[in-house]
Amino acid sequence: MHLFDKCAAFTAAREARAAGMYPYFQKITESQDTEVVIDGHRKVMIGSNNYMGLTHHPKILEAARVALETYGSGNTGSRFLNGNLDIHDMLEEELAEFTGKEAALVFSTGYQTNLGVVSALVGRSDTAYLDKLDHACIQDGARLSFGETRRFRHEDYAHLEAQLRDTDEGRGKLVAVDGVYSMEGDIANLPELVPLVKKYNAVLMVDDAHSLGVLGPNGEGTAAHFGLTDEVDLITGTFSKSLASIGGFVAGDDIVIDYLRNHARTEIFSASMPPSAVATVRAALEIIRTEPDRRERLWKNTRRMMTELTALGFEIGPTQTPIIPILIGPMDLTFKVWREILDAGVFTNPVVPPAVPEGGCRLRTSYMATHTDEHLDFVLEVLEKVCTKYGVL
Ligand SMILES: Cc1ncc(COP(=O)(O)O)c(C=O)c1O
């Protein structure tokens, strides 16, 4: 066997491309957050994670410009060595305050955050308990660690309890969940989870990638949404969604964050967040704090789409947030529907295994504070027309 035999045998993507049905790596040539241009045609974007609609906010663009001029385009090294700027430290202080934790540590992506945190904390004599629908970077962090990994059925805390009960008391225990599940849009039931975690002397980590800006009285995330900030040990998050940039962070007790600062390999052995990204995140945090009407508008759009999609007869699953999946089922049908919806002027994301279970293919749609009523009218009209044609409705 040659190492590359598997590459030659992988024909699915080539076949889909030849049939004009390959849905990934779409070339966007212009973007105005709610609208993008593909192949010279304008599409309404309901496939991003830009919940607050901040990627084109004038204050954010200006912050990036100033940072570029002050610090240059990149840091050419890890924060450990030559790549630590004063604004990295300032951002960490602001994030700790925003999330209600003692300290925070910034990474260069959200993926690296979870990978680094889980793999640094879960040692040989520890166990990680993961919801089966946790994001890939949490699962990969557990694989990279030297500890044991157990997976419980999605949101099934009786299953989790059975696993906790069945574990040797001497082991360190990390329970890691997504605050909002990225393909379902449901919220982790922290009020049920927190007492269980405490009962078994475990540590709770919540990935707030899709909750920052969206949940909580001021957009602080899932723990604040439930009034449980002090009960959640570690909050992780990404800057690539509501915070309109790239990077990630973990927030928690000072002593834990200091350990991670000195042990998380994805932070130590990787170049730091570029200056313009740090500056945009700081500006985005400020806007989230000072423009609460954006969150109100996001929720108004979300409620409207949940109500109208359900009334039209779409199956949207257990979502409670701006992530609203349209459940279709078979993969072929999902791709056909996706293609026709895109051609009609609406950008969605087709999601197929392994991101979702077999037979659970869907279009992931997600909404923004900056979508206008006219955008949403158009989206509803297109979705109804195409999905009726294909028998999805
Ligand atoms: C729940 C969750 N966690 C972490 C990440 C990783 O974040 P990033 O894209 O910033 O690396 C994502 C991104 O898709 C996510 O959905």
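Student: A crossing of two helices is left-handed if the near helix is turned anticlockwise from the far one by less than a right angle, and right-handed if clockwise. Which is the crossing of H13 and H15, left-handed or right-handed?
Tutor: The crossing of H13 and H15 is right-handed. Keep in mind that this is a predicted model.

Student: Where are those two helices, and at what angle do they pack?
Tutor: H13 covers residues 292-312 and H15 covers residues 373-389. The angle between them is about 25°, and their axes lie 11 Å apart. Angles under 35 degrees count as roughly parallel, so H13 is roughly parallel to H15.

Student: Which residues meet there?
Tutor: From H13 there are Asn301, Arg304, Met305, Glu308 and Leu312. They meet Leu376, Leu380 and Glu384 of H15. Sorted by class, this contact has four nonpolar, one polar and three charged residues.

Student: OK, another pair. How do H3 and H12 pack?
Tutor: H3 (residues 58-71) and H12 (residues 275-290) pack at an angle of about 145°, with axes 8 Å apart. Their crossing is right-handed.

Student: And which residues of H3 and H12 meet?
Tutor: H3 brings Lys59, Ile60, Ala63, Ala64, Val66, Ala67, Leu68 and Tyr71. On the H12 side are Pro275, Ser276, Val278, Ala279, Thr280, Arg282, Ala283, Ala284 and Ile287. By class, the contact of H3 with H12 has 13 nonpolar, two polar and two charged residues.

Student: Step back a bit. How many helices and strands does the chain have?
Tutor: The chain has 15 helices and 14 strands. Its C-alpha atoms fill a box of roughly 60 × 55 × 55 Å along the principal axes.

Student: What radius of gyration does the chain have, against that of a compact globule?
Tutor: For 393 residues, a compact globule would have a radius of gyration near 21 Å. The chain has 21 Å, which agrees. As for burial, 46% of the 393 residues count as buried.

Student: What share of the contacts join residues at least 24 apart?
Tutor: 71%, taken among contacts between residues at least 6 apart in sequence.

Student: What about phi of aspartate 33?
Tutor: Phi of aspartate 33 is near 50°, a positive value in a residue other than glycine. Aspartate 33 lies in the loop between strand S1 (28-31) and strand S2 (35-38). Aspartate 33 is partly exposed, because 19 other C-beta atoms lie within 10 Å and the cut-off for buried is 20 or more.

Student: And threonine 76, what is its phi?
Tutor: Threonine 76 has a positive phi of about 50° although it is not a glycine. Its place is the loop between H3 and helix H4 (86-99).

Student: Why does threonine 76 count as exposed?
Tutor: Because threonine 76 has 12 C-beta neighbours inside 10 Å, and 12 or fewer counts as exposed.

Student: Last one, alanine 142. Buried or exposed?
Tutor: Alanine 142 is buried, with 25 other C-beta atoms within 10 Å. It is found in helix H6 (residues 136-144).

Student: What is alanine 142 in contact with, leaving aside its neighbours within four places in sequence?
Tutor: Val118, Val122, Ala128, Leu130 and Thr149. As for alanine 120, which is 22 residues from alanine 142 along the chain, the two C-alpha atoms are separated by 9.4 Å.

Key
Residues numbered from 1 in each chain as written. Predicted model: local features only at pLDDT ≥ 70, side-chain atom pairs only at ≥ 80, totals over all residues. Helix = DSSP H or I, 4+ residues; strand = E, 2+ residues; numbered from the N terminus. Rg over C-alpha atoms; globule rule 2.2 N^0.38 Å. Contact = placed C-beta atoms within 7 Å. Axes fitted to C-alpha atoms, helices over the stretch in contact; angles between N-to-C directions. Parallel < 35°, antiparallel > 145°, perpendicular 65-115°, else oblique. Nonpolar A, V, L, I, M, F, W, Y, C, P; charged D, E, K, R; others polar.
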